[in-house]
Amino acid sequence: MLEFLGKFFGRDAIKADASKNVAKERLKLVLVHDRASISPEMLQSLKEDLIKVISGYMEIDQNAIEVSLNSEEDSVALVANIPVLRMKRSLDRQMPVG
Amino acid sequence: MGKVIVITSGKGGVGKTTTTANIGTGLASLGHKVVLVDTDIGLRNLDVVMGLENRIVYDIVDVIHGNCRLKQALIKDKRFDDSLFLLPAAQTKDKTAVNVEQMKTLCNELKEEFDYVLIDCPAGIEQGFKNAIAGAEQAIVVTNPEVSAVRDADRIIGMLEAAEIRRPQLIVNRIRPHMVKSGDMMNIDDMLDILAIDLLGVVLEDDMIVVSTNRGEPAVLDNNSKAGQAYRNIARRIAGESVPLMNLEVEEGIFNRLRKLMGFGK
């Protein structure tokens, strides 16, 4: 009955497999990947800032640090691998935080 | 001091040139002094859409390289009294013929004399795009309710923001109410949901656009054109007026609905 009324009043756009809904979902996914890129300059700058902040808490191997932007099927994550040499006893701030 | 606005899209064929021609003509109709700049060097079209193609003597490359004065290259649209001009692109060069610094200088010179400097940007993201946005303070992104166009528009928006052209505005062009209704075309809310920028206007798919280009008479001058009406509204919004969006609902009489229900007709 509802379907009959729906057709009468032209509510085709409501059906879940309406092609525009497929388009929308595909676009959202594609754009997550298209948008997920960081320029090499920005990545380097991010790395340097990370080193500064984390060095206040622990001694790290600055040459072995790895930072990258990883794209999965439906999400993007910033992944950093930071080898720790030694923990510091107290916070040693060299750069203003916040 | 005038405003320099770039009309861009990323994707080709979505209606940048048509939009530039019509908004420019619309603004001139409202009494503003407007210059249209075609930066699609090598593939010029703004001249033809405006119906000014047989008045070209000098072009933007001539001006920038000093072969002529700016005034000699500007083509006055005789339909308007000193308020609408075109600076055509060169047809026999390519986009490497001018650079970003030269474009900035040109735009600064133009905005001294005109209320609005509308830059028709070529498709793509290479030198042509970089040249077109070089002197711009504002941007209008034109797109179609269609996957490829939206994807490219998104990329362009990112590049505009990287170039510090803030708050680009969106024109959704070539929308077909029948298809929106049947769920086969994205509607305005879908577009805004994905692109997330301010909406400047919506233009319906309109056969009159083909006719207007055939004649070289922008649709905005035709009272019977739906697209023309949309462009008139957009021009008014750019000039600061608050104009409600046109009603895009498909008018379907009860007889047609009954026919569809019984299996007749589309």
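In what order do the elements of chain A run from the N terminus on? The elements of chain A follow the order α-α-α-β-β-β-β, which comprises 3 helices and 4 strands; helices (H or I, at least four residues) and strands (E, at least two) are DSSP runs numbered from the N terminus. The model is a predicted one, in which local features need pLDDT of at least 70 and side-chain atom pairs count only at pLDDT 80 or more, whereas totals for chains, interfaces and linings use all residues. Residues are numbered from 1 along each chain as its sequence is written, and chains are lettered from A and ligands numbered from 1 in the order in which they are written.

Of the 98 residues in chain A, 2% are buried. A residue is termed buried if 20 or more other C-beta atoms lie within 10 Å of its own, exposed if 12 or fewer, and partly exposed in between, with C-beta atoms placed from the backbone. Among contacts in chain A between residues at least 6 apart in sequence, 57% join residues at least 24 apart; a contact requires C-beta atoms, placed from the backbone, to lie within 7 Å.

In chain B, 8 strands form an open sheet of mixed pairing, in the order β3-β4-β2-β5-β1-β6-β7-β8. The edge strands are β3 (75–76) and β8 of chain B, each of which pairs on one side only; pairing requires that DSSP find at least two bridges between two strands. Strand β2 (residues 34–38) of chain B runs parallel to strand β5 (residues 116–120) of chain B and is joined to it by 5 bridges, B:V35 having B:V117 as its bridge partner in β5(B). Helix α1(B) packs on the sheet and touches β1 (3–8), β2, β4 (84–87), β5, β6 (138–143) and β7 of chain B, its direction making about 165° with that of β5(B). Helix α5 (residues 100–113) of chain B lies across β1, β2 and β5 of chain B at about 145° to β5(B). These angles run from 0 to 180 degrees between N-to-C directions, with axes fitted as lines to C-alpha atoms, for helices over the stretch in contact.

Strand β2(B) also pairs with β4(B) in the parallel sense, over 4 bridges, and B:V35 stands opposite B:F85 in β4(B). Because 5 of the 5 residues of β2(B) are buried, this strand is largely enclosed by the rest of the structure. B:V34, B:L36 and B:D38 point one way from the strand, B:V35 and B:V37 the other way. In a regular strand the side chains alternate between the two faces of the sheet.

Within α1 of chain B lies B:T25, which is buried, with 27 other C-beta atoms within 10 Å. Not counting residues up to four places away in sequence, B:T25 touches B:L84, B:P218, B:V220 and B:L221. The C-alpha atoms of B:T25 and B:E217 are separated by 9.7 Å, although the two residues are 192 residues apart along the chain.

Helix α11 (residues 226–238) of chain B has 13 residues and should span 18 Å at 1.5 Å a residue, in agreement with the 19 Å between its end C-alpha atoms; the expected span is 1.5 Å times one less than the number of residues. Its buried residues include B:A227, B:Y231 and B:I234. The cover over the buried residues of α11(B) includes α1 (16–29), β7 (169–175), β8 (198–204) and α10 (208–215) of chain B. B:G240, with a positive phi near 110°, follows α11(B).

Conventions
Contact = placed C-beta atoms within 7 Å.
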